[in-house]
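Please open the model in your viewer and keep the selection panel at hand.

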Amino acid sequence: GTSDPYVKFKLGGKEVFRSKTIHKNLNPVWEEKACILIENLREPLYIKVFDYDFGLQDDFIGSAFLNLASLEVNRQTDVTLSLKDPHYPDHDLGSILLSVLLAPREEQREATQSLRLSELHRKSHLWRGIVSVTLIEGRELKAMDANGLSDPYVKFRLGHQKYKSKIVPKTLNPQWREQFDFHLYEERGGIIDITVWDKDAGKRDDFIG
């Protein structure tokens, strides 16, 4: 009776931002910011909402268009968009709430700094693609604690982007089932650094491998 929603934003057929996935929720709160470079105001921002399905094709929930030319320059505008599905025009598919600020390019830099957006969002228009990672499980990890078990978690790093999994207590065969995204920039390729740790309360975590 729930969904695992995430949102894709497209301009001119090109994906310019993708939100994180919020699991088991029909009223997700993202609170994510993106700074997108607009070349043509006549091109609407296309917003598509999907339900993430582990190992399967994600389900389309609904979509909406935001007419950028209708926005007032330098004024933060709260927008509520009703989601539609062209195949089921009469269905109520919920709505998506955005807060949008349209700023000229030179002012955009100051606005970006004042919001202290991460480097990730400042470079959002340079994305080459998205690496979607699903951390499934660990098998036969090394025991790091006196009880013959570990409390494992995993850290991922790609350039300046980082992700840390939840801790699964007292096991050598942890099940995580977590999904997250890294963004690929124009730089060629990149290496994801993956390290596994054993959580220790009150002292330094042990490195497993």
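Begin with the lining of the largest pocket in this predicted model, which by class comprises 34 nonpolar, 11 polar and five charged residues. The space in this pocket comes to about 1500 Å³, and of the 50 residues that line it, those closest to its centre are Phe-9, Glu-32, Leu-98, Ser-99 and Val-100. Next, colour strand E1 (5-11), strand E3 (45-51), strand E4 (59-66), strand E6 (95-100) and helix H1 (105-114), each of which supplies at least two lining residues; the largest share, six residues, comes from E6.

Now select Ser-19, which sits in the loop between strand E2 (14-18) and E3. Is Ser-19 buried or exposed? Its relative accessibility is 4%, and because buried means under 20%, Ser-19 counts as buried. Show the surrounding side chains as well: leaving aside neighbours within four places in sequence, Ser-19 is in contact with Tyr-6, Val-7, Trp-30, Glu-32 and Asp-181. A polar atom of the Ser-19 side chain lies 2.8 Å from the backbone nitrogen of Val-7, while a polar contact of 3.4 Å joins the side chains of Ser-19 and Trp-30.

Finally, display the open sheet whose four strands follow the order E9-E8-E11-E12, with antiparallel pairing. Strand E9 (161-164) and strand E12 (206-207) stand at the edges with a single partner strand each, so one side of each has no neighbour in the sheet. To inspect one end, zoom in on strand E11 (residues 193-198), which two bridges join to E12 in an antiparallel arrangement; there, the bridge partner of Trp-197 in E12 is Phe-207.

Notes
Residues are numbered from 1 along each chain as its sequence is written. This is a predicted model: local features need pLDDT of at least 70, side-chain atom pairs count only at pLDDT 80 or more; totals for chains, interfaces and linings use all residues. Side-chain values use heavy atoms; hydrogens and water are left out. Two strands pair if DSSP finds at least two bridges between them. On a 1 Å grid over the protein atoms alone, a cavity is a set of points where a 1.4 Å probe fits but cannot get out, and a pocket is an open set with protein on both sides within 12 Å along at least five of seven lines; lining residues have an atom within 4 Å of a point. Grid points are joined across faces, edges and corners, and a volume is the space filled by probe spheres set on the points. Ala, Val, Leu, Ile, Met, Phe, Trp, Tyr, Cys and Pro count as nonpolar, Asp, Glu, Lys and Arg as charged, and the others, Gly among them, as polar. Buried means under 20% relative accessible area, exposed over 50%, partly exposed in between (1.4 Å probe, protein chains only). A polar contact is a pair of N or O atoms within 3.5 Å; within protein, one must be able to donate a hydrogen and the other to accept it, and residues adjacent in sequence count only if both atoms are side-chain atoms. Contact means heavy atoms within 4.5 Å.
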